[in-house]
Amino acid sequence: MRRLPVFVVVDVSESMAGNAITAMHDGMLMLLQALKKDPMVIEIGAMSIISFGGKAKVEVPLSSVLDIRIPSLDLSSGTSLGKAFDLLTSEVNSKVTKTTREIRGDYKPIVFLITDGQPTDDWRAGYAKFRKCYPSVSIHAVGCGDDVDFSILKEITPNTYVMRDMTAESFGKLFQCVTASVRSVTASMMNGDGVKDDLAELSDGEVRKPTEDECRPIGESRQVMIPAMCANTKRYYLLRYRLQENGSYLCSVAHPLERKLDGDCGNAGQVAASRMGAAKPCPHCGNDSVVFCPKCGTLSCVDSKSEIMTCPNCGLSGKIVQSNDFSVNRSRG
Ligand SMILES: [Zn+2]
Ligand SMILES: [Zn+2]
């Protein structure tokens with residue numbers, strides 16, 4: 001049986017911390033439930049899920065929709081879009097049956113790419129490799145939130161969409177459009193119906209095409225994510241800073257993390273600390289400031305009235321001094 005392979009490639013970088021990653025996960029559960037109810041999709045549909053953060057990972061290898069379980073997704077530091085394309089290329093190479101003289105292979109795959117940030121690796125190299133192997137595979141790219149570089153997504157595919165909110169409701173609606181798109185392509189493969197796969201046309205407005213204005217390149221990172229450690233509980237959290245109109249960075253939120261992020265520190269390290277505003281309180285213990293350990297480079301929470309610190313990572317203890325040369329770069333862990 002010829003299969004219609006659907007690859008869902010999702011961003012699990014630290015900027016997805018908080019509700020977004022849960023909402024995306026729940027959206028994928030809904031997608032799978034809906035696809036399992038369509039007899040034609042059951043017959044030919046196959047799906048794979050690839051995640052990318054600091055590295056890319058096959059979450060679900062290409063399988064029939066009936067055999068898939070949606071795994072929980074772990075956040076990882078970085079937005080390695082290039083690695084995602086490398087992995088996508090090798091998964092399509094190894095899992096999709098090619099048509100030869102002897103066998104009729106699978107249908108042409110469809111790719112859905114969902115991202116909320118700006119790539120932190122050499123995405124062009126990975127993308128070029130994919131396109132060299134698969135010039136005509138169609139990619140639908142959805143940029144979520146306010147920090148997407150649409151000029152990049154536009155280079156990848158004309159089928160680029162915006163979804164501003166990253167709530168459970170928005171992700172639910174997005175995956176409804178993805179479901180409708182997959183069902184339409186499936187029906188057209190099976191009985192020659194016309195394809196209606198444009199996510200914006202399938203949406204009630206939640207998912208739309210980006211405006212020309214939104215497609216201008218973003219020069220500087222609009223947001224910087226800095227990992228920190230709670231001095232009292234030794235648990236991890238993530239400070240999200242957002243670029244302001246005046247060029248400074250304002251800390252907008254502190255996300256608690258369940259475990260230390262793996263991978264590089266994403267886009268941290270590109271901005272001088274002097275431009276960083278005060279941190280949000282530690283989500284674990286409420287300490288209202290942060291201090292940088294000169295020995296191991298860990299950023300940890302501290303009470304702003306405290307004069308001494310003990311680094312929760314390496315144990316270094318000492319008097320806190322005000323220093324202007326504290327650079328975010330050195331907080332790379
Ligand atoms: Zn704390
Ligand atoms: Zn330390």
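Is Y127 buried or exposed in this predicted model? Y127 is buried, since its relative accessible area is 12% (buried means under 20% relative accessible area, exposed over 50%, and partly exposed in between, with a 1.4 Å probe and protein chains only).

The model is predicted: local features need pLDDT of at least 70, side-chain atom pairs count only at pLDDT 80 or more, and totals for chains, interfaces and linings use all residues. Residues are numbered from 1 along each chain as its sequence is written, chains are lettered from A and ligands numbered from 1 in the order in which they are written, and side-chain values use heavy atoms, with hydrogens and water left out.

**View 1. Surroundings of Y127.** Y127 belongs to helix 4 (helices are DSSP runs of H or I with at least four residues, strands are runs of E with at least two, and numbering starts at the N terminus). With neighbours within four places in sequence left aside, Y127 touches F85, I139, E155 and I156 (contact means heavy atoms within 4.5 Å). The C-alpha atoms of Y127 and A84 are 8.7 Å apart, while the two residues are 43 residues apart in sequence.

**View 2. Packing of helix 3 and helix 4.** Two packed helices are described by the angle between their axes and the distance between the axes. For helix 3 (residues 81-95) and helix 4 (residues 123-133), the axes come within 6 Å and cross at roughly 20° (axes are lines fitted to C-alpha atoms, for helices over the stretch in contact, and angles run from 0 to 180 degrees between N-to-C directions). Helix 3 and helix 4 are therefore roughly parallel (angles under 35 degrees count as roughly parallel, over 145 as roughly antiparallel, 65 to 115 as roughly perpendicular and the rest as oblique). Their crossing is left-handed (the near helix is turned anticlockwise from the far one by less than a right angle; if clockwise, the crossing is right-handed).

**View 3. Packing of helix 1 and helix 6.** The axes of helix 1 and helix 6 (residues 168-191) lie 8 Å apart, at an angle of about 30°. This crossing is right-handed. Among the contacting residues are A20, G27 and L31 of helix 1 and F171, F175 and V182 of helix 6. T22 is also found in helix 1 (residues 19-35) and is partly exposed, with a relative accessible area of 44%.

**View 4. Site of the zinc ion (ligand 1).** C230, C282, C285 and C301 each coordinate the zinc ion (ligand 1) through SG, at 2.3 Å (donors are N, O and S atoms within 2.8 Å of the metal, or 3.2 Å for Na, K and Ca; water is not among the atoms, so sites may look incomplete). The site is tetrahedral, with angles of 102 to 114° among its four donor atoms (four donors count as tetrahedral if all angles lie between 85 and 135 degrees). C230, in the loop between strand 7 (223-229) and strand 8 (236-243), and C301, in strand 11, are 71 residues apart. Both C230 and C301 are buried.

**View 5. Site of the zinc ion (ligand 2).** The SG atoms of C293, C296, C311 and C314 lie 2.2 to 2.3 Å from the zinc ion (ligand 2). Angles among the four donor atoms are 105 to 116°, and the site is tetrahedral. Along the chain, the donor spacing is C-x2-C-x14-C-x2-C. C293 is buried at 0% relative accessibility, whereas C314 is partly exposed at 29%.

Notes:
Tetrahedral: all angles 85-135°; square planar, octahedral: opposite > 155°, others 65-115°.
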